[in-house]
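Biologist: I'd like to go through this one label by label. Could you show me the sequence and the structure?

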Amino acid sequence: MRIARVIGTVVGAAHHPTYDGRKVLLLKPEQPDGDSAGNAFVAVDQVQAGVGDRVLVLVEGTGVRQILGADAGPIRSLIVGIIDHIEYDDAQRN
Amino acid sequence: MLRTSAIMYLGRVIGNVVASQKMAGLEGQILLLVQPLDEYQKPCGPKEVAVDTVKAGPGSLVYLVGSREAALALEQTFVPVDAAIVGIVDDLEVQV
């Protein structure tokens, strides 16, 4: 799973039927310390996340299908948690 | 680094691709040329060909799904497709 920040909402009337009733958010991947970890991407929200939240994102299709079951269809990235905080093990921190 | 093309991402339709001879599963599918975009809607990464499932047109801001899941957007799901347009963006609110 990846760490990302919700930076926007994606709204559109025309979409694949799989996306009916689903909230689509724009995310920016982050390192644990908040640095950018790549270009923004889009994900389907499963946990009522909102703009500004730091979230846990599943970006692997098989796992997404395990959660959404037969309804998964063409969805590859799914927000599965809102991160409260991250703790480093001091001994491992470099 | 997360490879954008491996997940779901924004893009701009910049053209269409005509291929009269293609594999059976691709017959009748609309192929569009897409420029992947970042959160500022600036181009990021190489242009690519995506199958269209939502009747997007030139200039449309869209979101796509990449990799194996792209084929799941089609009725026939075992087809050689690795990018599919699955939504047209009417409104994008970004707070970076």
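Modeller: Here we talk about the labels and the cut-offs behind them.

Modeller: This is a predicted model, where local features need pLDDT of at least 70, side-chain atom pairs count only at pLDDT 80 or more, and totals for chains, interfaces and linings use all residues. Residues are numbered from 1 along each chain as its sequence is written, while chains are lettered from A and ligands numbered from 1 in the order in which they are written.

Biologist: Why is B:Gly66 called buried?

Modeller: A residue is buried if 20 or more other C-beta atoms, placed from the backbone, lie within 10 Å of its own; 12 or fewer makes it exposed, and in between it is partly exposed. B:Gly66 has 25 such neighbours inside 10 Å, so it counts as buried. The residue sits in strand β4 of chain B, and its C-alpha atom is 8.9 Å from that of B:Ile85, 19 residues away along the chain.

Biologist: And why is B:Ser67 partly exposed?

Modeller: B:Ser67 has 19 C-beta neighbours inside 10 Å, so it counts as partly exposed. B:Ser67 lies in the loop between β4 and β5 of chain B.

Biologist: What about B:Gln41, and why is it put in that class?

Modeller: With 16 other C-beta atoms within 10 Å, B:Gln41 is therefore partly exposed. B:Gln41 belongs to the loop between β2 (31-37) and β3 (48-52) of chain B.

Biologist: What is the phi of these two residues?

Modeller: Most residues other than glycine have a negative phi. B:Gln41 has a positive phi of about 60° and is not a glycine; B:Ser67, also not a glycine, has a positive phi of about 65°.

Biologist: Back to chain A: what makes β2 (residues 24-29) of chain A "mostly covered"?

Modeller: Five of the six residues in β2(A) are buried. Across chain A, 37% of the 94 residues count as buried.

Biologist: How do you know which strands β2(A) pairs with?

Modeller: Two strands pair if DSSP finds at least two bridges between them. β1(A) and β2(A) run antiparallel and are joined by six bridges, so they pair. A:Val6 has A:Leu27 as its bridge partner in β2(A). β2(A) also pairs with β3 (residues 41-45) of chain A, antiparallel over four bridges, with A:Leu26 opposite A:Val42.

Biologist: Which strand of chain B pairs with chain A?

Modeller: β6(B) pairs with β1 (residues 2-11) of chain A, antiparallel over four bridges. In that pairing B:Asp91 is the bridge partner of A:Val11.

Biologist: What makes residues count as in contact, and how many does each chain give?

Modeller: Two residues are in contact if their C-beta atoms, placed from the backbone, lie within 7 Å. The contact takes 34 residues from chain B and 31 residues from chain A. On the chain B side, the elements giving two or more residues are β1 (8-17), β4 (61-66), β5 (83-88) and β6 (91-94).
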